[in-house]
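Subject: Structure for your attention

Dear colleague,

Please find below the structure I wished to pass on to you.

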Amino acid sequence: MKITKQDINRVLIRSFLLQGSWNFERMQALGFCYAITPILNKLYANNNIQKRKAFKRHLEFFNTHPYMVGPILGITIALEKEKSKNYKFKSKSIRNIKIGLMGPLAGIGDPIFWGTIRPMLAAIGASLALTGTILGPLFFFISFNTIRLLFLYYGIHFGYKKGIKIIKEINNNFIKKITEGSSILGLFILGALVNKWTKIKTPIIITNYLKNGQIINLKLQNILDSLIPGFIPLLLTFICIWLLNKKINPLIVMTLVITLGIICNYFKLLY
């Protein structure tokens, strides 16, 4: 049975609902099975026994990054096609390859999408939004979803084209380099955003002195800016990270930051 490009695109569209029935027992299993259903119905149209077995295979536990599921779907389609032609092909191989790929691809997707692409595009969109234009949210929405859809589209077609050969290309060293590089880039961007978006200053005057007949105020903020620009936001960031590493609930951390801001503003310590 020939698998056409239209068949693969149908799977791609249905994969948008990968997490539509997410649950704690099998997580994305039902969504994955729903996505690949048109292929299973076509490949096993004349063999109901094998079709039932195929559905059971894809209702087992599955979980990966939703934007990185494309290659797994493509490879699975290629393997199911091979299984429908060759009854000796072991169904266990399909299961093992899915399990083997879902972890590494999830490890790549988190730093790339959540740690790099999303905060970077959100920062650009926020910059545009601050000027009062609607282009800010539109830029973020359109650009992020364009990248996401391109990953899914080329991922599923690339996975189907390569089939089982892709397993040899995705080795541990490659995944490790991609993950580490994305993490470093994401942390670099987030570090820059701390100084750009977090504005905290102090009006505290350390001392006064007379210069050319005028009284000059020596402000603490001027000293901090001459040493490390954005020192107070950086310090607050490190404190929040320290609290989160101590397993303090993020809601408690947010409440503490808000309370600290109100108190410091009331006593004219920060603004």
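This is a predicted model: local features need pLDDT of at least 70, side-chain atom pairs count only at pLDDT 80 or more; totals for chains, interfaces and linings use all residues.

Aromatic pairs

A pair of aromatic rings is described by the distance of the centres and the angle of the planes. The count here comes to ten aromatic pairs. One of them is formed by Tyr-67 and Trp-114: the ring centres are 5.5 Å apart and the planes stand at 65 degrees, so this pair is edge-to-face, given that an angle over 60 degrees falls in that class. Tyr-67 belongs to the loop between α3 (48–57) and α4 (69–85), while Trp-114 belongs to helix α5 (residues 91–130), so the pair ties together parts that are 47 residues apart in sequence. As to accessibility, Tyr-67 is buried, with a relative accessible area of 16%. Trp-114, at 32% relative accessibility, counts as partly exposed.

A further pair joins Phe-113 and Phe-144. Their ring centres are 6.4 Å apart and their planes are at 85 degrees, so this pair is likewise edge-to-face. Phe-113 is in helix α5 and Phe-144 in helix α6 (residues 135–162); the pair thus links distant parts of the chain, 31 residues apart. Both Phe-113 and Phe-144 are buried.

Charges over rings

Which rings have the charged end of an arginine over them? The ring of Tyr-34 has the charged end of Arg-14 over it, 3.9 Å from the ring centre. Over the ring of Phe-16 sits the charged end of Arg-148, at 5.9 Å from the centre.

Two lysines with positive phi

Lys-247 is not a glycine, yet its phi is positive, at about 65 degrees. This lysine is placed in the loop between α10 (231–245) and α11 (250–266). Is Lys-247 buried or exposed? With a relative accessible area of 74%, Lys-247 is exposed, because the cut-off for that class is over 50%.

Lys-268 also has a positive phi, near 60 degrees, in a residue other than glycine. Lys-268 lies in the segment after α11. Its relative accessible area is 59%, and Lys-268 is therefore exposed.

Yours sincerely

Terms used: Residues are numbered from 1 along each chain as its sequence is written. Side-chain values use heavy atoms; hydrogens and water are left out. Rings of Phe, Tyr and Trp (its six-membered ring) pair if their centres lie within 6.5 Å; planes under 30 degrees apart count as stacked, over 60 as edge-to-face and the rest as tilted. Helices (H or I, at least four residues) and strands (E, at least two) are DSSP runs, numbered from the N terminus. Buried means under 20% relative accessible area, exposed over 50%, partly exposed in between (1.4 Å probe, protein chains only). A charge sits over a ring if NZ of Lys or CZ of Arg is within 6 Å of the ring centre and within 35 degrees of the ring normal.
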